[in-house]
Amino acid sequence: ICRGLSSSAVRHVVIKHVTIIGGGQMGAGIAQVAASTGHAVTLVDTNEDILKKAVKGIEGNLKRVVKKKFADKPEAGEEFLQKAMQNVSISTDAGSVVQGTDLVVEAIVENLKVKQDLFGGLDKVAPAHTIFASNTSSLSITDIASSTNRLDRFGGLHFFNPVPVMRLVEVIATSSTSQETFDSLLNFSKMLGKTSVSCKDTPGFIVNRLLLPYILDAVRMYERGDGSKEDIDIAMKLGCGYPMGPFELSDYVGLDTMKFIMDGWSAANPDNPMFAQSEVLNKLVAEGKFGKKTGEGFYKYK
Ligand code: CAA
Ligand code: NAD
């Protein structure tokens, strides 16, 4: 048994320290879940203020969890909170952090070149056993991994927003991902308390391949004037039992991220009307209206 591998029948790297790159809504959520399940976590972003905001958000969320889960055991609740927060550190220097990490989970902007540049650089400094994973919504894991020399230790870990609440993780293997890496990612997802599904490296994996065409179709329905956004949202919530309608959900995901996904897929499939450009989405993004995170998208917040 090699160093860092478990001795169970299924060989997997035991993840003790995880580096999460990108301190936005997804990175902060992944850090919260990893820290509260006993992992040492370093959250990395280029922007120090974002990191401070992320830590405050994690603490606020955990306090809410503690208040509910430990209502009749406040001391145990305080201990849980302290332990989880002690597991979180922050850094703006990814290169130095990855030198002591078992797993890198990337949750930065949805742009292939930026992700490739990040991983290409980290590949040169991370230890040999370190597994790299991307939380991309729509890009090919194979393409992202191509900037590294660790194709066997590279996979996808696709979380859902809000990470502390959504129970699924899609675990993605490319044709080069080793069985040991895949098992390590499955095991890590389990350690986080999530249910995982195995996905091939196909555009949008399972969820987004089904969700994005639905959302984009709703936007086109609105653009044609076939229904107001409010009515479409009410219809899908009350008619299908969805927790959010497609416009509320787009604002929640982030219209910038939605546009990155649409742009990538429409460039790759120029003749497929399913992924055609949306004027309304393009306009909102051009105006800096990215949804909930900027205070306005399809709807206004606060
Ligand atoms: N962080 C942590 N916890 C949160 C949270 C957040 N951001 N938002 C809500 N919660 C918790 C609340 O504390 C509450 O916990 P308790 O039940 O323990 O009290 C629970 O979630 C329910 O929250 P609320 O009562 O405030 O609100 P709600 O019932 O309206 O639920 C929601 C909020 C969970 C976000 C729900 O509206 C929902 O499920 N929406 C759909 C989300 C979805 O579809 N996500 C997938 C997006 S696609 C994606 O992620 C993939 C991609 O690549 C783009
Ligand atoms: P976000 O805009 O909230 O956060 C992205 C963060 O990455 C920002 O804080 C930014 O400062 C940081 N960043 C950008 N380039 C960086 C770099 N080179 N190094 C370090 N940090 C960098 O975005 P998000 O919604 O958290 O999405 C992040 C990723 O997760 C994207 O790939 C997105 O497609 C994917 N994703 C998003 C959702 C969602 O619902 N929003 C769900 C699943 C997956």
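Select His158 and ligand 1 to begin: a polar side-chain atom of His158 lies 2.8 Å from an oxygen atom of ligand 1. Such a polar contact is a pair of N or O atoms within 3.5 Å; within protein, one must be able to donate a hydrogen and the other to accept it, and residues adjacent in sequence count only if both atoms are side-chain atoms. The model is a predicted one, in which local features need pLDDT of at least 70 and side-chain atom pairs count only at pLDDT 80 or more, while totals for chains, interfaces and linings use all residues. Residues are numbered from 1 along each chain as its sequence is written, chains are lettered from A and ligands numbered from 1 in the order in which they are written, and side-chain values use heavy atoms, with hydrogens and water left out.

**Ligand 1**

A polar side-chain atom of Ser137 lies 2.7 Å from an oxygen atom of the ligand, and a polar side-chain atom of Arg64 lies 3.1 Å from an oxygen atom of ligand 1. On its own, ligand 1 has 1100 Å² of accessible area, of which the protein covers 60% (Shrake-Rupley method, 1.4 Å probe; for residues, only the protein chains shown count as cover).

Next, display the shell of 18 residues around ligand 1, where Lys68, Ser137, His158, Asn161 and Asn208 come nearest; a residue is near a molecule or strand if one of its heavy atoms lies within 4 Å of it. The shell divides into 11 nonpolar, five polar and two charged residues. Here Ala, Val, Leu, Ile, Met, Phe, Trp, Tyr, Cys and Pro count as nonpolar, Asp, Glu, Lys and Arg as charged, and the others, Gly among them, as polar. Helix 2 (48-69), helix 8 (207-223) and helix 10 (246-253) each supply at least two residues of this shell; helices (H or I, at least four residues) and strands (E, at least two) are DSSP runs, numbered from the N terminus.

Colour the domains, whose bounds come from an automatic or database domain assignment. Ligand 1 lies between domain 1 (17-200) and domain 2 (209-294), because both give residues to its shell.

**Ligand 2**

Now select ligand 2 with Asp45: an N or O atom in the side chain of Asp45 is 2.7 Å from an oxygen atom of the ligand. A polar backbone atom of Ile108 is 3.1 Å from an oxygen atom of ligand 2, and a polar backbone atom of Val253 is 2.9 Å from a nitrogen atom of ligand 2. Taken alone, ligand 2 exposes 830 Å², and the protein buries 85% of that. Helix 1 (25-36) and strand 6 (154-159) are the elements that give two or more residues to the shell around ligand 2.

Of the 22 residues around ligand 2, those that come nearest are Asp45, Glu110, Lys115, Ser137 and Val253. By class, the shell around ligand 2 holds eight nonpolar, 10 polar and four charged residues. Ligand 2 lies between domain 1 (17-200) and domain 2 (209-294), since both give residues to its shell.

**Two backbone features**

Most residues other than glycine have a negative phi, and most peptide bonds are trans. Select Asn161 and Pro162, which are joined by a cis peptide bond with omega of about 0°. Pro162 is in the loop between strand 6 and strand 7 (168-173). Then move to Phe205, a residue other than glycine with a positive phi, near 50°. Phe205 is in the loop between strand 8 (195-200) and helix 8.
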